[in-house]
Amino acid sequence: MKHLVRSQGIGAVIGVAVMLAVFTLLDFSGWWTVQTVSNVTQFASILAFVTMGEALVIMTKEIDLSVGSVYGLAGVSFITLEPPLGVSGSLLVALLIAALAGLVQGVAVVKGQLPSMIVTLGGLFTARGIIYVWTGGSVHNFSPDARAHPLTRLLGGELFGIEAATFWLIAIAALLGLLLWATPFGNRLLATGGGRESAESRGVRTERVKIVTFVLCSLLAGFAGILTLCNQPQTHVTLGENMELEAISAAVIGGCLLTGGRGSILGAILGALIVVSFRYELIALGAPSSWYITFVGVVLVAAVIFNQSLARRLGHSV
Amino acid sequence: MTNDHPLIQVKNLDLYFGAFHALRNVSVDFHAGELVGLVGDNGAGKTTLIRVLCGIHAPTSGEVFFDGRKVEKFHPKLAIDQGIETIQQSVGLCDNLSIARNFYLGREPVKRILGIPFLDFALMREKSARVIRQFGLRDNVSTDDEVERLSGGERQSVKIGRAVEFKNRVVIMDEPTNHLSVREREHVNELAVQLKEQGLLVIYITHDIFQVHKLADRIVIMENGAKVADASTDAMTAEELEEVIRQGGRVVEKRETA
Ligand SMILES: Nc1ncnc2c1ncn2[C@@H]1O[C@H](COP(=O)(O)OP(=O)(O)OP(=O)(O)O)[C@@H](O)[C@H]1O
Ligand SMILES: [Mg+2]
């Protein structure tokens, strides 16, 4: 509990509770349908992967705008490379491509001493451009064989009516949570974001920490893309567009402070749940889908106000 | 003073911050088992000099030798691995982390479970509490508390306790008694002497001339980025020392001993 307050996750917990209560009161029959709940958990799980990576990067006091494009690029690679490489081969290569994107950007930020906002904006355009050129704007599909492949089923199937992505999320989130809170790497990651100079003076190699975090973030985004396509093996060039904005919003709603050094994995997941829930509830209410982005904006600002005042009350410098 | 080769040898060190000439042709030796007072006006370059020694800044030109070997790469990790522990003046604690996490930052004790290194929280709490309490951390402050809420003196206690816990060959103290009460101050000063008697090199930066004159074997005075005096405390009274600093370092060459 103390831990949750300190890491700023409490706002997201309250947010989810309030949101569920309001949706239930407002639209019980529309919200609590199998269709809505299963869509929300599926897409919240996918967005949560991207958000967890984004949150880790924000905790190091950097930002990654390329996650949506990397998500798309990994997904497109996975589908497009399947015919020559097979499902497991293309999965591996797609993850490698994602990791490489993170590595290149991380190294550019750290070694070039460039603002990550600009470097990853470049990454966003570059990766998206590659998607356009590579696919030529056409749609690619998995063959029936590839769809039936055990790996595709493992990543995109379902169990007891719950999508595979949700199980993967639970497992990987638990690992990331442990990594962040209970290992030397996590301690150094938080130190890097909370006080880079102090961390360095204690011998922490903050540059390595940041590069590893960028790689981790891109890998998570890439894996999310692959999960999506295992579920629905069809690519389009806009795959993952604007996802960086959703991920950053979700991370902030989940309590990540852009000043670095504070945030939590649980908060990131709940933030993703809030963002996705709004999308589906608005659809369920029959509102035009374009309203969704406005609502995310309102929730985002409300969350920032809440989290900042919480931080001030706790005496954190923000 | 010992006669064997110096533990740290600085030769013709120059350091620029952009166009600003922060260290000017500094040459100085430090020996094991020595307590050296480093004094000088605000902005004289004391902190900058020791930041080169502990790997934070790389010099623009000049050489540093540690234990006879030339230092090729400057990084705090390398200095720490060589056995240089530093109480920094303005950095060293991450506000967002607990006392225990700060205490062990960069050298966290781990327990392996399935080969994965997990932080050994029990040890981190217990040991950091035991050490820091000796330096005036009150009982109502827990080592789980974030450093952000600590007072200046409490923060200083954490830094000092940490340096003592990990002391190895060199302890550099940059104005260690800042923010400390009279009692803690005496404790730190006694500690500096003890460390030296254990054979460590202690470099002690302060503005308290009279205090450091009592403690130190040797005093190095800096002014405007340059070393202007380097004299054994036997060769110069505290009053003379104060006069030199006030004069901006003129007149002292005749007392040079090194
Ligand atoms: N990172 C930096 N970038 C630019 N200038 C710097 C930097 N660090 C120090 N300086 C400058 O170098 C000069 C020497 O600073 P330094 O901190 O070494 O002084 P000091 O002798 O430790 O003083 P004090 O007794 O006030 O601590 C100052 O003029 C300071 O402004
Ligand atoms: Mg100083």
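I began with Val18(A), which lies in helix H2 of chain A; helices are DSSP runs of H or I with at least four residues, numbered from the N terminus. I note that this is a predicted model, in which local features need pLDDT of at least 70, side-chain atom pairs count only at pLDDT 80 or more, and totals for chains, interfaces and linings use all residues. Residues are numbered from 1 along each chain as its sequence is written, chains are lettered from A and ligands numbered from 1 in the order in which they are written, and side-chain values use heavy atoms, without hydrogens and water.

**Entry 1: the patch**

I looked up the accessibility of Val18(A): it counts as partly exposed because its relative accessibility is 47% (partly exposed lies between buried, under 20%, and exposed, over 50%, with a 1.4 Å probe and protein chains only). Helix H2 (residues 10-31) of chain A gives four residues, the largest share of the nonpolar patch.

**Entry 2: ligand 1**

I then turned to ligand 1, which 13 residues surround (each with a heavy atom within 4 Å). Among the closest are Lys46(B), Thr47(B) and His207(B). Helix H1 (residues 46-53) of chain B contributes the most to this shell, with three residues.

I next looked up the polar contacts (pairs of N or O atoms within 3.5 Å). Oxygen atoms of ligand 1 lie 2.5 Å from a polar side-chain atom of Thr48(B) and 2.8 Å from one of Asn42(B). For Glu175(B), a side-chain N or O atom is 3.3 Å from an oxygen atom of ligand 1.

Conventions: Polar contact = N/O pair within 3.5 Å; in protein donor to acceptor, adjacent residues only side chain to side chain. Helix = DSSP H or I, 4+ residues; strand = E, 2+ residues; numbered from the N terminus.
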